[in-house]
Amino acid sequence: MNLMRLLARIWASTCQLASVGLVTLGLSAVPISLALAQTPTTTSVIATYADIAAASFSDSYTAALAMQEKIEGLLSKPSDATLSAAREAWIAARVPYMQTEVFRFGNKIVDDWEGKVNAWPLDEGLIDYVSRDYTETNSSENEAYAINVIANKTLKIAGETVDASKITPQLLVRKLHEAGGVEANVATGYHAIEFLLWGQDLNGTGKGAGARPATDYDVGNCTGGNCERRAEYLRVATSLLVEQLKLMAGHWSSAGVARREVMKDDGKAGLIALFTGLGSLTYGELAGERMKLGLMIHDPEEEHDCFSDNTHNSHFYDAVGIRNVYLGTYKRLDGATIKGPSVSDLVKAKNPAIDADVRAALETTMARMGALKTRAETIEAYDQMIGEENPEGNTVVQSVIDALAAQAKTFEEAISALGLESIAFEGSDSLDAPEKVLEEQKG
């Protein structure tokens with residue numbers, strides 16, 4: 001058989017297998033060359049976007065349920081082992097959740113909700129005991145910064161006497177969370193739970209995370225006082241988080257309100273939301289508020305997961321979430337992959353060079369995030385990296401900030417290529433007006 005006939009037979013067999021595979025999946029057997037040449041519709045791209053949102057919020061709910069189980073194990077039998085298991089479950093729960101943050105900013109339903117589950121930084125003295133240095137610090141901006149609800153059954157907040165004799169969802173949500181209109185009064189969500197599992201990190205930019213003992217939950221051998229109330233606070237806060245994640249997963253389901261919103265106008269509303277989320281999380285939020293601010297003032301209090309020293313993972317999986325949305329793919333906790341028409345496909349059809357630039361920027365960001373993550377796991381924690389006398393660590397963090405800023409610019413080019421109306425990304429004084437931030441620090 002000559003070479004040309006052999007190649008023809010191989011090609012025919014390949015086409016037949018492709019056709020069989022498509023039929024098996026319930027799809028039409030479209031020739032590969034034609035399938036690759038077709039530009040997806042905006043509707044199909046936003047359907048993928050919503051599918052990824054639904055899957056990642058659902059995984060966040062699943063991971064929170066697993067965390068809740070470990071926390072119940074801690075509360076029923078406090079020990080170093082059960083505390084460690086609860087902490088590990090909290091860290092694991094952050095992995096899918098951080099990948100959902102890209103759905104903020106452009107989606108009002110998510111942005112309005114986010115403060116209930118991921119608000120930070122928080123004045124931890126609102127919740128539980130803290131160091132003497134903390135309590136002796138005058139906080140004219142927040143009268144509730146050290147009221148310690150776990151130790152006190154009657155509170156005074158914004159001129160109102162609050163009955164805190166029972167730790168209930170209503171107390172946390174309606175009376176404590178953002179009490180007095182102060183955003184730092186964080187009573188619910190991942191970071192409240194994080195503080196209750198780790199306690200304060202009193203190491204500054206030195207080595208070490210929070211070191212709350214398991215006996216803080218041991219009624220028979222109680223440290224820190226009020227072990228029963230502390231356990232009830234942790235139980236209620238965890239239950240509230242689980243409920244909120246279940247709610248948001250439902251909003252992105254096939255009949256959910258969030259999905260309906262992004263599918264409006266044949267998906268154009270979703271396309272605007274998609275790019276607003278990509279650009280705002282990349283630039284103003286992650287590069288600016290979560291990274292540059294802390295680096296500029298060398299302050300570990302500006303670290304995202306400051307009690308657990310898990311910040312490197314939070315930053316890394318934020319970046320993964322951004323990449324997921326642009327490329328239209330998400331790997332679920334069970335190993336299954338959600339994949340479909342992507343905004344990358346749309347951009348590539350309009351301008352392949354710009355799509356290539358975005359993809360290259362995403363890979364640069366992921367490589368530098370990977371280097372930061374590896375450093376945190378092998379050399380020093382993120383709060384040490386941003387220390388004032390750590391030029392090497394500072395450089396690693398700054399390199400990620402630079403990559404994110406460059407990535408934001410490629411998103412702007414992609415928006416222009418698609419001919420979308422002007423989309424505003426969230427900014428950050430840390431990036432846009434650093435002299436203002438430094439002046440405020442001096443004051």
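Helices here are DSSP runs of H or I with at least four residues, numbered from the N terminus. By that rule glutamine 384 falls in helix H15, residues 382-385. The model is a predicted one. Glutamine 384 has a relative accessible area of 17%. Buried means under 20%, so this residue counts as buried. What does glutamine 384 touch, leaving aside its neighbours within four places in sequence? Its contacts are Thr205, Gly206, Lys207 and Asn390.

The largest nonpolar core has 119 residues. Five of its members touch the most others: Leu176, Tyr233, Trp252, Phe275 and Met291. Helix H3, residues 42-76, gives the most to this core, with 15 residues. Take phenylalanine 275 as a close-up. Residues up to four places away in sequence are not counted here.

Helix H11 comes next. It covers residues 268-297. Of its 30 residues, 25 are buried, so the rest of the structure largely encloses H11. How far apart are its end C-alpha atoms? They are 40 Å apart. At 1.5 Å a residue, the helix should span 44 Å, and the two values agree. H11 is also kinked. The kink is about 45 degrees and is centred on glycine 288. Just after the helix, histidine 298 takes a positive phi of about 55 degrees.

H11 is also one of the partners of helix H5. H5 runs over residues 108-118, and its buried residues are Val110, Trp113, Glu114, Gly115, Val117 and Asn118. These buried residues pack against H3, H4 (80-98), H8 (190-198), H9 (227-251) and H11.

Most residues other than glycine have a negative phi, and most peptide bonds are trans. The bond joining tryptophan 120 and proline 121 is cis, with omega about -15 degrees. Proline 121 sits in the loop between H5 and helix H6 (132-135). Two further loop residues have a positive phi without being glycine. Asparagine 148 has a phi of about 50 degrees. It lies in the loop between H6 and strand S1 (154-157). Glutamate 178 has a phi of about 55 degrees. Its place is the loop between helix H7 (169-176) and H8. Which of these two is buried, and which is partly exposed? Asparagine 148 is buried, at 13% relative accessible area. Glutamate 178 is partly exposed, at 36%.

Charged pairs come last. Side chains of opposite charge can pair when their charged atoms come close. The salt-bridge count comes to 24. In one of these pairs, aspartate 305 meets arginine 94, with N to O at 2.9 Å. Aspartate 305 is in the loop between H11 and helix H12 (311-327), while arginine 94 is in H4, so the bridge ties together parts 211 residues apart in sequence. Are the two partners buried or exposed? Aspartate 305 is buried, at 0% relative accessibility. Arginine 94 is buried as well, at 2%.

Another salt bridge links arginine 104 and aspartate 111, whose closest N and O atoms are 3.0 Å apart. Arginine 104 is buried, with a relative accessible area of 9%. Aspartate 111 is partly exposed, at 27%.

Aspartate 128 and arginine 212 also meet through their side chains, at 3.0 Å from N to O. Aspartate 128 lies in the loop between H5 and H6, and arginine 212 in the loop between H8 and H9, so this pair ties together parts 84 residues apart in sequence. Both residues of the pair are buried.

Definitions and conventions:
Residues are numbered from 1 along each chain as its sequence is written. This is a predicted model: local features need pLDDT of at least 70, side-chain atom pairs count only at pLDDT 80 or more; totals for chains, interfaces and linings use all residues. Side-chain values use heavy atoms; hydrogens and water are left out. A nonpolar core is a set of buried Ala, Val, Leu, Ile, Met, Phe, Trp, Tyr and Cys residues joined through side-chain atoms within 4.5 Å. Buried means under 20% relative accessible area, exposed over 50%, partly exposed in between (1.4 Å probe, protein chains only). Helices (H or I, at least four residues) and strands (E, at least two) are DSSP runs, numbered from the N terminus. Contact means heavy atoms within 4.5 Å. The expected span of a helix is 1.5 Å times one less than its number of residues. The bend at a residue is the angle between axes fitted to the seven residues ending there and the seven starting there. A salt bridge is a side-chain nitrogen of Lys or Arg within 4 Å of a carboxyl oxygen of Asp or Glu.
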